[in-house]
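Subject: Structure for your review

Dear colleague,

Please find below the structure that I am handing over to you. My notes on what was found in it follow directly after.

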Amino acid sequence: MRLAQTICDDARRDDLALPLWDTIRCKAMDVAAREPLLREMLERDVLAATCDACILARVLSRRLSTASVDGALLEEIFLDTLRRDAGVLERTESDLRAVLERDPASEGYLHTLLNLKGFHALQSYRIANRLWRDERRELALWLSNLAGLVFGPDIHPAATLGCGIMLDHGAGIVIGETAVVEHDVSLMQGVTLGGTGKVSGDRHPKVRRGVMIGAGATVLGNIEIGAGARVAAGSVVLRDVPAHTTVAGVPAEVVRIHAAEDMPAFDMRQDI
């Protein structure tokens with residue numbers, strides 16, 4: 001609390017832009033002062049945390065502990081993972097910025113951190129993925145399942161996800177074991193990146209940078225969604241999608257070619 005107060009006081013005095021996590025601390029202080037119902041939660045989960053990673057570990061573990069697990073032990077596992085791999089927190093920060101930049105309903109970083117299930121699921125995946133790569137696969141799979149039960153999205157811990165990703169709403173999103181989602185991708189609710197059956201090995205889609213996949217779209221098999229492509233809502237994609245095109249329909253077909261510099265993940269347009 002005292003550290004957060006000092007940071008916010010200094011920022012007001014110097015009129016300086018704050019780093020991301022200090023912005024979260026200051027916003028939390030502001031909300032805690034205005035909303036008595038939220039004060040205890042904000043003080044415990046954000047303001048009392050002694051480091052940036054501590055905030056993320058505490059927020060995720062508190063929310064997942066609603067599933068009758070030992071929240072303190074879960075927080076310890078999260079924090080240990082975040083401390084051993086600084087890249088996890090860096091990717092989290094990129095995801096926070098992605099939501100603020102792309103979601104017109106965004107109320108800021110604190111709102112995203114505390115309230116968005118898609119964001120919570122994505123950060124739980126990032127920790128589960130680190131555990132998977134550390135050969136702690138049973139724990140990774142358990143955490144992945146728990147996150148799916150609590151938050152909604154079902155993301156296999158072995159999937160490869162870049163940074164700057166937004167899972168809008170999060171409800172119903174499925175991302176399979178060998179799927180690849182590169183940087184700066186936006187997935188709307190109900191998106192499936194799945195396999196086509198019982199094929200083993202590399203069997204899930206590869207989504208390249210800047211792609212937006214609309215609500216309820218299904219992408220099946222080891223196919224590629226090219227950079228800067230858009231998949232219209234409700235489409236079923238069964239073959240490669242060229243870069244910088246829009247596809248729509250069942251099965252999906254190219255309906256538009258757009259400029260190479262267009263990045264649908266940023267403009268978030270779902271009309272075609």
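Is Cys-54 buried or exposed? Cys-54 is buried, because its relative accessible area is 6% and the word applies to values under 20%. Please keep in mind throughout that this is a predicted model.

The disulfide

Cys-54 is also one end of a disulfide, whose other end is Cys-51, with an S to S distance of 2.2 Å. A disulfide is a covalent bond between the sulfur atoms of two cysteines. The structure holds 1 disulfide. The torsion about the S-S bond of Cys-51 and Cys-54 is about 85 degrees, and the disulfide is therefore right-handed. As for Cys-51, its relative accessibility is 21%, so this residue counts as partly exposed.

The nonpolar cores

In soluble globular proteins, nonpolar side chains tend to be buried together. In this model, the largest nonpolar core has 45 residues. Trp-21, Ile-24, Leu-42, Val-46, Phe-78, Leu-110 and Leu-113 are the members that touch the most other members. At least two residues of this core come from each of helix H2 (20–34), helix H3 (36–47), helix H4 (52–64), helix H5 (71–84), H6, H7, H8 and H9. Another core lies apart from it and has 28 residues, including Ala-159, Ile-175, Ala-217 and Val-219.

Leaving aside residues up to four places away in sequence, Leu-110 touches Ile-24, Lys-27, Ala-28, Val-31, Leu-42 and Val-46.

The cavity

How many cavities of 30 Å³ or more are there? The count comes to 1. The volume of the largest cavity is about 60 Å³. Its lining is made up of Ala-121, Ser-124, Tyr-125, Ala-128, Leu-143, Ser-144, Ala-147, Gly-148, Pro-153 and Ile-155. Helix H8 (117–133) and helix H9 (137–151) are the elements that give two or more residues to this lining. By type, the lining of the largest cavity has 7 nonpolar residues, 3 polar residues and no charged ones.

Backbone features in the loops

Most residues other than glycine have a negative phi, and most peptide bonds are trans. The following residues are listed with that background in mind.

- Glu-135 is not a glycine, although its phi is positive, at about 70 degrees. Glu-135 is found in the loop between H8 and H9. With a relative accessibility of 57%, Glu-135 counts as exposed.
- His-244 has a positive phi, near 60 degrees, and is a residue other than glycine. The loop that holds His-244 runs between strand S13 (236–237) and S14. His-244 is buried, its relative accessible area being 16%.
- Val-250 and Pro-251 are joined by a cis peptide bond, for which omega is about -10 degrees. Pro-251 is in the loop between strand S14 (245–248) and strand S15 (253–257).

A pair separated in sequence

Where is Pro-104? Pro-104 is in the loop between helix H6 (86–102) and helix H7 (109–115). Pro-104 has a relative accessible area of 82% and is exposed. Between Pro-104 and Met-268 there are 164 residues of separation in sequence, while their C-alpha atoms are 9.7 Å apart in space.

Yours sincerely,
A colleague

How values were computed:
Residues numbered from 1 in each chain as written. Predicted model: local features only at pLDDT ≥ 70, side-chain atom pairs only at ≥ 80, totals over all residues. Heavy atoms only, no water. 1 Å grid on protein atoms, 1.4 Å probe; cavity = no way out; pocket = protein on both sides within 12 Å on 5 of 7 lines; lining within 4 Å. Points joined across faces, edges and corners; volume = space filled by probe spheres on them. Helix = DSSP H or I, 4+ residues; strand = E, 2+ residues; numbered from the N terminus. Nonpolar A, V, L, I, M, F, W, Y, C, P; charged D, E, K, R; others polar. Buried < 20%, exposed > 50% of the residue type's maximum accessible area, 1.4 Å probe, protein only. Core = buried A, V, L, I, M, F, W, Y, C linked by side-chain atoms within 4.5 Å. Contact = heavy atoms within 4.5 Å. Disulfide = S-S within 2.5 Å.
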